[in-house]
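The text follows the structure shown here.

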2 protein chains.
Amino acid sequence: MTIFEATCSAPVNIAVVKYWGKNPEKIALNLPTNSSLSVTLSQDQLHSKTTIRASADFTSDRLWLNGHEESIEKNKRLVTCLRETRALRASMEDKDAALPKISGLNIHVCSENNFPTAAGLASSASGYACLVYTLAQLFQLPLDASDLSIIARQGSGSACRSMFGGFVAWEMGSKDDGSDSKAVQIAPETHWPDLQAMICVVSDAKKGTSSTEGMQLTVKTSALLQHRIKDVVPKRMEEMIKAIQDKDFPTFADLTMKDSNQFHAVCLDTYPPIFYLNDISRAIIRIVTEYNKDGIKAAYTFDAGPNAVIYAPEKNMAEIYALLSHYFPGHQFDDSLGLLKNNAAPSALPQNFDTRISPVFEQGSVKQILHTKADDGPRVLETAKHGLLNPEGLPKRLA
Amino acid sequence: MTIFEATCSAPVNIAVVKYWGKNPEKIALNLPTNSSLSVTLSQDQLHSKTTIRASADFTSDRLWLNGHEESIEKNKRLVTCLRETRALRASMEDKDAALPKISGLNIHVCSENNFPTAAGLASSASGYACLVYTLAQLFQLPLDASDLSIIARQGSGSACRSMFGGFVAWEMGSKDDGSDSKAVQIAPETHWPDLQAMICVVSDAKKGTSSTEGMQLTVKTSALLQHRIKDVVPKRMEEMIKAIQDKDFPTFADLTMKDSNQFHAVCLDTYPPIFYLNDISRAIIRIVTEYNKDGIKAAYTFDAGPNAVIYAPEKNMAEIYALLSHYFPGHQFDDSLGLLKNNAAPSALPQNFDTRISPVFEQGSVKQILHTKADDGPRVLETAKHGLLNPEGLPKRLA
């Protein structure tokens, strides 16, 4: 009996023009109310990893997420991704009798994130990108990354952008069937290798309002969202694409911070209001604002949670880390890029920085800081070495 | 030698449709980018009190605020109010030779608030309303409250609304000289005696961004503000006026909360962003939202600071105070309306309230809670009893 199996990993992406709002008339298709743009971050620090095996021995489709078995049927978006990829495989098998009949087999899906789920760190983006990419490998689908992004989008909107490395736009599209609402790469990760990111994990508690619920409520109740959609985002997308093409960090940073602010503004204009930023998030905004007072050297952005991502050129990262270390003692630092090199302590605070803009926070207010950079899209991994399923088709690791 | 003197008090007002944005082409006139609407709160709890004396003995104009002498010349807006009222007095004296010549005398101004200045409790509103009202008394100006509101507006925008009791609109006006940008009373305080307010003083620290600076930055940088001004506020003003006329609390509350949220949303859309709400403010929003889950019973609103004002019908005030007492222990309670009557402790929490929506905050997170209600406009006080200046024309109390 042949076993069909694939293992892949996929990156998270952090948007610099935010996606917030689903077209209420096309909820099943997961179409956005505006285009968005993100940077794909390195899988060396943050990734989802998925193994999918198809076998005639399996009596049903099964799913394990981070070591817990979950119901597939209850997860409509996952069912959609599975149905779409299976249908594509079935039609290939219909046309070519030589192809193995995988589409009719049950599958076991095992997926893990190497970071806390649902803490505002885009876990659903890397998770669904990885699922769809691994399904495409398993079924040997002849689709490019943009084609796959259309399927991943139906799993989780922002997942479509994790189908590419580097700088990725999700074009909202205009067709009724959503077939042109897809990710495209604006520039590969090699285009701007100087761009790095510092992620501050403020809290890994499950967030209060899920993105899906939150954005539906915003679309329904925020008077300001319509203005953002119509009058702000289209121009901002154009400006952001140009800033990336030109590697113009001050403009990139300016637009990134403005768009993060505006996303949280429409959350606050939602009724009842949605808050993702807390006092620590706001202190990080103040710190970056003060650091930028004589010229833009860093950009903050916040997704649907209190965690900050700070984008900056490599040369500024030591100063940024020194500032974060000053205000947020007692964090764990992931220094896999070697920022501190041989120094145990961070470097001195930037000159001319007025430290009075915020008090020093108590130990552990920021739990973890990760230093990472823009990097590549999904990777195919060797199952023998990286596979998550044991010979019986059950997870090697259970929670 | 005759001494001319007047002593008055004026109330604070808390807007339910917020003023945020000065017309950048008319900065000197202090014209707003949108109309606004407020409730005047009782002077029994919060007020400014001002004594102004004119005397041939005085060698210069002098000013004391809360027991500190301040420069008049450096305060352009105060100079404007003084110049305008003196000019009106001078023209009266020109026309009627029998009138005492007060306009040419130097004055001493002594003003006190019975609450912390610049903590987001509308101290400049009551302060400038009181200044202009007292000047009008001193000079015996034949002006009605709307006329005076035009002068007070040039001191501090929201001061114009403190010229009336009850429910007061500041009509933005359309004339170039600002002569129709004035306050009008929508309904007197006797119209809706059931409406009460609970003020939570979250912090009496001086706020980070002054209203004037903040709103100028918002006008300059927020893309969303223009939409609020053009498309949201005009309709909201009409709906709010109708809700007040109908004493329709659910609609009044709904609009009040939405407008507070939107004001803070445009602050967040400002660049760099302006934050007035902190984690305690946000907890108060969550508490009111949960309290309203089966029907609107209270409305929060926040001005340019973290302090909350909760409007509600009298019958809900005991429950609201019980909730605030649960989450914010260690506050001082101003119970001059007799809410607790003979009970030392607040009543039980409302049934069906899910207390898990927020943790209990540490002692003193909310410093003070004041229970108050809608009430009358500026009052003329008897100088012999209430005057703030001693026979030498100096403050009776210095800080």
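In this predicted model, α5(A) passes α5(B) in a right-handed crossing; a crossing is right-handed if the near helix is turned clockwise from the far one by less than a right angle, and left-handed if anticlockwise. The residues that make this contact (heavy atoms within 4.5 Å) are A223(A), L224(A), H227(A), R228(A) and V232(A) of α5(A) and A223(B), L224(B), H227(B), R228(B) and V232(B) of α5(B). By class, the contact of α5(A) with α5(B) has six nonpolar, two polar and two charged residues. Here Ala, Val, Leu, Ile, Met, Phe, Trp, Tyr, Cys and Pro count as nonpolar, Asp, Glu, Lys and Arg as charged, and the others, Gly among them, as polar.

Residues are numbered from 1 along each chain as its sequence is written, with chains lettered from A and ligands numbered from 1 in the order in which they are written. Local features need pLDDT of at least 70 and side-chain atom pairs count only at pLDDT 80 or more, while totals for chains, interfaces and linings use all residues; side-chain values use heavy atoms, with hydrogens and water left out.

Two packed helices are described by the angle between their axes and the distance between the axes. Axes are lines fitted to C-alpha atoms, for helices over the stretch in contact, and angles run from 0 to 180 degrees between N-to-C directions. Helices (H or I, at least four residues) and strands (E, at least two) are DSSP runs, numbered from the N terminus.

| Helix | Helix | Angle | Axis distance |
|---|---|---|---|
| α5(A), residues 223-245 | α5(B), residues 223-245 | about 120 degrees | 9 Å |
| α5(A) | α6(A), residues 249-268 | about 160 degrees | 10 Å |
| α1(A), residues 76-95 | α2(A), residues 123-138 | about 20 degrees | 10 Å |

Angles under 35 degrees count as roughly parallel, over 145 as roughly antiparallel, 65 to 115 as roughly perpendicular and the rest as oblique. α5(A) and α5(B) are therefore oblique, α5(A) and α6(A) roughly antiparallel, and α1(A) and α2(A) roughly parallel.

The crossing of α5(A) with α6(A) is left-handed. Residues of α5(A) that meet α6(A) include L224(A), R228(A) and V232(A). The contact of α5(A) with α6(A) divides into nine nonpolar, three polar and five charged residues.

α1(A) and α2(A) cross in a right-handed sense. Their contact joins R77(A), L78(A), C81(A), L82(A) and T85(A) of α1(A) with Y128(A), L131(A), V132(A) and L135(A) of α2(A). Seven of the residues in the contact of α1(A) with α2(A) are nonpolar, one is polar and one is charged.

Chain B has an open sheet of five strands in the order β11-β12-β10-β14-β13, with mixed pairing; two strands pair if DSSP finds at least two bridges between them. β11 (299-302) and β13 (332-334) of chain B are the edge strands, each pairing on one side only. From one strand to the next, the twist averages 20 degrees. β11(B) and β12(B) (residues 308-313) run antiparallel, joined by four bridges, and T301(B) stands opposite V309(B). Helix α6(B) packs on the sheet, its direction making about 30 degrees with that of β11(B). Helix α7(B) (residues 279-291) also packs on the sheet, at about 160 degrees to β11(B).

Between the chains, 29 residues of chain B are in contact with 29 residues of chain A. The buried area (accessible area, 1.4 Å probe, that two parts lose on being put together, summed over both) is about 2400 Å², with 67% from carbon and sulfur atoms. L224(B), Y271(B) and F275(B) supply 27% of the area that chain B buries against chain A, more than any other three residues.
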